[in-house]
Amino acid sequence: VIRCRAAVAWAVGKPLSVEEVEVAPLKAGEVRVKIVATGICRTDDHLLEGSFPNMGFPVIPGHEGAGIVESIGEGVTSVKPGDKVIPLCLPQCGECSFCLNPESNYCLKCHLSESQSLLPDKTSRFTCRGKQVHHFLWVSTFAEYTVIPECAVAKIDAAAPLDKVCLLGCGFSTGYGAAINTAQVKPGSTCAVFGVGGVGLSAVMGCKVAGASRIIAIDINKDKLAKAKELGATDCINPRDFKKPIQEVLTEMTGHGVDYSFEAIGHAETMAAALASCNMNTGVCVMIGELAAGSLISIDPMLLLTGRTWKGSVLGGWKTRDCIPKLVSSYLEKKFNSDLLITHTLPIAKVNEGFELLRAGK
């Protein structure tokens, strides 16, 4: 048993509490990882707000981390102690019908198909104050040590700086891949990105790498628009500067609407606006933002009847165990600079301060 610190959420709506937890030894097919660094993602905030009805409390959140393998369970072959790894909030079991489909990056072991608040054998490896603590998406990166099924761990290049590539565990890969893989943005095209937080900025970077000639960043937080410009946005607009709906503004700016639009906020009204802002026949709108479970979006069916495509993207369309290590190699080759997304670096003891910065749009 390892005793270490972890940020525990005891109940919905309560701040995280940094506690000493006990991390049990491994069972077959599991990997114990020493987490070196973790990002804070809006999805962690959704968990704390109670937006995931099937997640149990108390729970250790966090799903955007990087670390070093401490030990492996019986039968584990893809990693060994000392390897640098990224825990995967979207597993790749390699055996289900979706994993075997070259066009799919979903895995039927994902939390949308079965709850991942306990490990596959329906037990937890975490205890705190004598109580069982739940896992989050099998990864729980807000713990100094965590236990993960082998299908949710990717071995990465030993040269990778873990405090930088942890972002590739979710935020960067999600936005960048939404442009590269899900939309398959074409050179010379026009794109609009709704919301330029970490995921939206990554979508801007993806559009730029794909060769888009015009990238319009949209956000009500003026401070974020400067960073979007730095990362490749050609136009930056604040919807509050206009009296008309934003989709009308975008249609006027571009003639018939954009070729590709991305919603990286997670609001029903901006989802509908993003769909309406892409051109009526060949426009593609990609939904990246996460709405609370049970939300409904109402749209005019004519928006789709004329030919628009509306797609969702889960973790940027990457087959995680195959592709995340390659993305880390691309990072090391300086094909993109995801370091620009990092605004603050805090010790785990200040995790609640990190969430306050996130909620304040900083």
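Domain bounds, as used here, come from an automatic or database domain assignment. The structure is a predicted model. On that assignment the protein is divided into domain 1 (2–171 + 317–360) and domain 2 (183–312). The centres of domain 1 and domain 2, taken over C-alpha atoms, are separated by 29 Å. Across the boundary, 14 residues of domain 1 are in contact with 13 residues of domain 2.

**The second largest pocket**

Both domains contribute to the second largest pocket: its lining draws at least three residues from each of domain 1 (2–171 + 317–360) and domain 2 (183–312). The space in the second largest pocket amounts to about 250 Å³. Its lining comprises 13 residues, and those nearest the centre are Glu 103, Asn 105, Asn 181, Thr 182 and Gly 317. Two or more lining residues come from each of the elements α3 (171–183) and β15 (309–312). By residue class, the lining of the second largest pocket has eight polar, three charged and two nonpolar residues.

| Residue | Location | Relative accessible area |
|---|---|---|
| Ala 179 | helix α3 | 0% |
| Ser 261 | strand β13 (residues 260–263) | 0% |
| Gly 266 | loop between β13 and α7 (268–277) | 13% |

The cut-off for buried is under 20% relative accessible area. Ala 179 counts as buried because its relative accessibility is 0%. Ser 261 likewise counts as buried because its relative accessibility is 0%. Gly 266 has a relative accessible area of 13%, so Gly 266 is buried as well.

Ala 179 sits in helix α3. Leaving aside neighbours within four places in sequence, the contacts of Ala 179 are Gln 184, Val 185, Ala 203, Gly 206, Cys 207 and Phe 262. Between Ala 179 and Val 139, 40 residues apart in sequence, the C-alpha to C-alpha distance is 26 Å.

Ser 261 belongs to strand β13 (residues 260–263). The side chain of Ser 261 comes to 2.7 Å from the backbone oxygen of Ala 274. Ala 274 is also one of the residues that Ser 261 touches, residues up to four places away in sequence not being counted.

Gly 266 is placed in the loop between β13 and α7 (268–277). Residues up to four places away in sequence aside, Gly 266 touches Met 271, Gly 289, Glu 290 and Leu 291. Gly 266 and Leu 100 are 166 residues apart along the chain, and their C-alpha atoms are separated by 30 Å.

**Helix α1**

Helix α1 (residues 42–49) is mostly covered, with six of its eight residues buried. The buried residues of α1 are Thr 43, Asp 44, Asp 45, His 46, Leu 47 and Leu 48. The cover over these buried residues includes α10 (351–359). Just after α1, Gly 50 has a positive phi of about 85 degrees.

Terms used. Residues numbered from 1 in each chain as written. Predicted model: local features only at pLDDT ≥ 70, side-chain atom pairs only at ≥ 80, totals over all residues. Heavy atoms only, no water. Helix = DSSP H or I, 4+ residues; strand = E, 2+ residues; numbered from the N terminus. Buried < 20%, exposed > 50% of the residue type's maximum accessible area, 1.4 Å probe, protein only. Polar contact = N/O pair within 3.5 Å; in protein donor to acceptor, adjacent residues only side chain to side chain. Contact = heavy atoms within 4.5 Å. 1 Å grid on protein atoms, 1.4 Å probe; cavity = no way out; pocket = protein on both sides within 12 Å on 5 of 7 lines; lining within 4 Å. Points joined across faces, edges and corners; volume = space filled by probe spheres on them. Nonpolar A, V, L, I, M, F, W, Y, C, P; charged D, E, K, R; others polar.
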